[in-house]
Amino acid sequence: MRWTTLYLRSHRLPEALLTAALFTAVVWALTAMFGHHPAAAPNLVMMAASLAVVALSTTLNSTDDALDRTAARPWPPRRAAHLLGLAAGASILLALTLLTGTTFGPFGFALRDALGLTGLAALGAILVGPHRAWFPVVAWCTPVIFLAAGRQQVLTWMIQPAGNGPAALTAIVLAAAGILGYAVLGPPRRVQADLAGAGS
Amino acid sequence: MNRSFRIELRRSNALPLVAAVLAVMVLSDFLLGERNSWDGNWMKLAAGGRSSLLVMVVFAVGAGAMQAGLDYRRGVVELFASTPRPRRSRVLPVALALAIASVLAYLLTFAIASAWVAPYATYANPLAIAGVVGVGAVTMVTAVWLGLLAGHLLPSRLTPPIASVLALLLMAVASEGLGSLGNGAALSLLLPDLSPSVEGAATVPGRVSALQAVWLLAVGVSALAAFVSARRRFRVLAVLPAVLALVLVAPQLPHGQGYIAAYTIDPRAAELVCAAGTPRVCVTRVDAARLTQVTAPARAALTALARLPHSPTAVIEQPRIEASTVKPPPSDRGDTVWMDLTPYGVDRRGRMDPEDIKDLTVQLLANVGVSADRCLRTGGMSSADFAASEISTAWLLGHPPTPDSRLPAGSQEQTRTGWTALTSVPAAEQRKRVATMRKALLTCRGDVYTILTKGKAR
């Protein structure tokens, strides 16, 4: 327990959770103010999910990845648990809105987006470094905000209806690739070298 | 400076920024954009680039914020501060490299997309287009420098994502908010967001683009100055260019609401190009690529109208920016049918949708070929007026009206009963009633539905 607490604190989980909650609350408040239906539009649910994942993904960042690696701990299950926890956190944040008058749902939709986007952030952490893990999420979601769910269901998987097959498959592939890949590989060593001696 | 600039060009976020912007724009525009052909119209393409800034500034701000945060991540801030070398000579190359990269990304996107426009473009006003594209490029520079400033002032790992998202929200929400302010100068033009006008002959005057560029560049210079300056005092002074530009530019912006205030009709783009032969069919120069496609349906409409006495003899495209403000030219004595091509786009091979071409004849016959703007009836048309238009169109085409779900409630029923009433009288009387309806529409007098169904205006 003590290890987990220290780990989460060193990865700035409290700040990230607070920011994720704030992001979700802001999108929720704007939707409640300007929306006409109790169920938020799919683009807004995606926006809330992506912002929550962006905020939570900053916890992939550690103060010193190179030092972390030297610890005699089995890292893969811990990294996988970390990512699954992030996806769960984002889905719970979105699910909380189901209790209110303006809902980010259905839950299957929120869960799919949270899982898929977390996988995308993990892929970002592998490829461009944990401190840029949020980038692929923002890069993919930004143009999709202005699109309608129609053609190209794989490219716009985040805004497809909850039961959509290709969209669910895309999310699962992203989640599996990201979570497994990050669990096994961890953050890239190149970035660590770049940041050798990092203070903050 | 020169050497460190070249090193920063390779080492900083500059090249990843170009790659990311290009990848996302190409994917979203070319895979997801359904009919993003910009109608073979350079101005629509340039304005389309400006509306994609909504997406591109997210990358620019993010790249800047990430770059500025690196010193903190590397823990070298205090080390660098202790060297005698001034801060500006160290960070200016980075700022310059990112600025050049962002401009390059914007111009490359424009260049790639122009491959879809160039083959069908029939008109270009290079100065106006350069202005619209230039404002977009300046916006990218400003966004990168604002990102640098944000990353420098708030060295947190959350800064880059938050700054990116805020940029997106600012672009999306603020232009709406500023657009609804008052009736004075169009303050929403302070933001670079510009949607393509549906009217092909619309243009953004060079003066408007120049004003926008001055203001946006001033904001960028302020951000850069605040980023570069090592002392707090100078950082506060750095807002001066932006404030000065705001005071100078805002009152001079064109009056109106929203981005549409930026547009005027380009008289050279609106010059008419006519099809060979008679009857006369003309479109504006900027839409000339569509002339061969609209000639046949336009002549079909004239043939249908020829069943009436004093029938019109020409179909001419009328440029319009906002339908409610358009009035037909004073020379119009009812011998011309004014054509509105704004609802009809062309695909990436310059072709109009076959359904649209079929629809064009019907649209031209609406209100017996009299423009709804003539008596400023747009929006003021009652359900009976719509029904009368449906009935007369059906009569001219020689087949019963087809149910149209776009009609207002009540119109469908009135169309059915009115059609029965009209077709129950002898053919000569039918012709007389439709001719009377046309005369009533031309003179803005009389109730057209009553004319059609009862033969007399009440």
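**View 1. Chain B as a whole.**
Chain B holds 17 helices and 6 strands. Along the principal axes, its C-alpha atoms fill a box of roughly 100 × 40 × 35 Å. Chain B has 458 residues, and 47% of them count as buried. Take the contacts in chain B with a separation of 6 or more: 77% of these come from residues 24 or more positions apart.

**View 2. The side of chain B that touches chain A.**
Here 20 residues of chain B are in contact with 22 residues of chain A. H4(B) gives the most, with 7 residues. By class, this side of chain B has 13 nonpolar residues, 4 polar and 3 charged.

Thr58(A) sits in the loop between helix H3 (42–57) and helix H4 (65–70) of chain A. Is Thr58(A) buried or exposed? Thr58(A) has 26 other C-beta atoms within 10 Å. A residue counts as buried at 20 or more, so Thr58(A) is buried. Beyond its neighbours within four places in sequence, Thr58(A) is in contact with residues of chain A and of chain B. From chain A come Arg12(A), Ala16(A) and Trp134(A). From chain B come Arg157(B) and Leu158(B). For scale, Ala21(A) lies 37 residues from Thr58(A) in sequence and 14 Å from Thr58(A) in space, C-alpha to C-alpha.

**View 3. Strand S4 of chain B and its two partners.**
S4(B) covers residues 280–284 and is mostly covered, with 4 of its 5 residues buried. Strand S3 (residues 272–274) of chain B pairs with S4(B) in the antiparallel sense, over 3 bridges. Within S4(B), Thr284(B) stands opposite Leu272(B). S3(B) and S4(B) form a hairpin with 5 residues between them. In that turn, Gly277(B) has a positive phi of about 90°. The other partner shown is strand S5 (residues 314–317) of chain B, which runs parallel to S4(B) and is joined to S4(B) by 3 bridges. Val281(B) stands opposite Val315(B) in S5(B). Between S4(B) and S5(B) the chain passes through helix H12 (residues 291–305) of chain B. This β-α-β crossover is left-handed.

H11(B) spans residues 240–249. Its buried residues are Pro241(B), Ala242(B), Ala245(B) and Val249(B). What do the buried residues of H11(B) pack against? Their partner is helix H9 (206–228) of chain B.

**View 4. Confidence along chain A.**
Chain A averages a pLDDT of 87, and 93% of the residues score at least 70. Among the elements of chain A, helix H8 (residues 165–185) has the highest mean pLDDT, at 95. Helix H9 (residues 189–194) of chain A has the lowest, at 56. Over residues 196–200 of chain A, pLDDT stays under 50. For this stretch the model has 9 contacts beyond four places in sequence. Where pLDDT is low, predicted coordinates should not be read in detail.

Definitions and conventions
Residues are numbered from 1 along each chain as its sequence is written. Chains are lettered from A and ligands numbered from 1 in the order in which they are written. This is a predicted model: local features need pLDDT of at least 70, side-chain atom pairs count only at pLDDT 80 or more; totals for chains, interfaces and linings use all residues. Two residues are in contact if their C-beta atoms, placed from the backbone, lie within 7 Å. Helices (H or I, at least four residues) and strands (E, at least two) are DSSP runs, numbered from the N terminus. Ala, Val, Leu, Ile, Met, Phe, Trp, Tyr, Cys and Pro count as nonpolar, Asp, Glu, Lys and Arg as charged, and the others, Gly among them, as polar. pLDDT is the predictor's confidence in each residue, from 0 to 100. A residue is buried if 20 or more other C-beta atoms lie within 10 Å of its own, exposed if 12 or fewer, and partly exposed in between; C-beta atoms are placed from the backbone. Two strands pair if DSSP finds at least two bridges between them. A crossover is right-handed if, with the strands pointing away from the viewer, the path from the first strand over the helix to the second runs clockwise.
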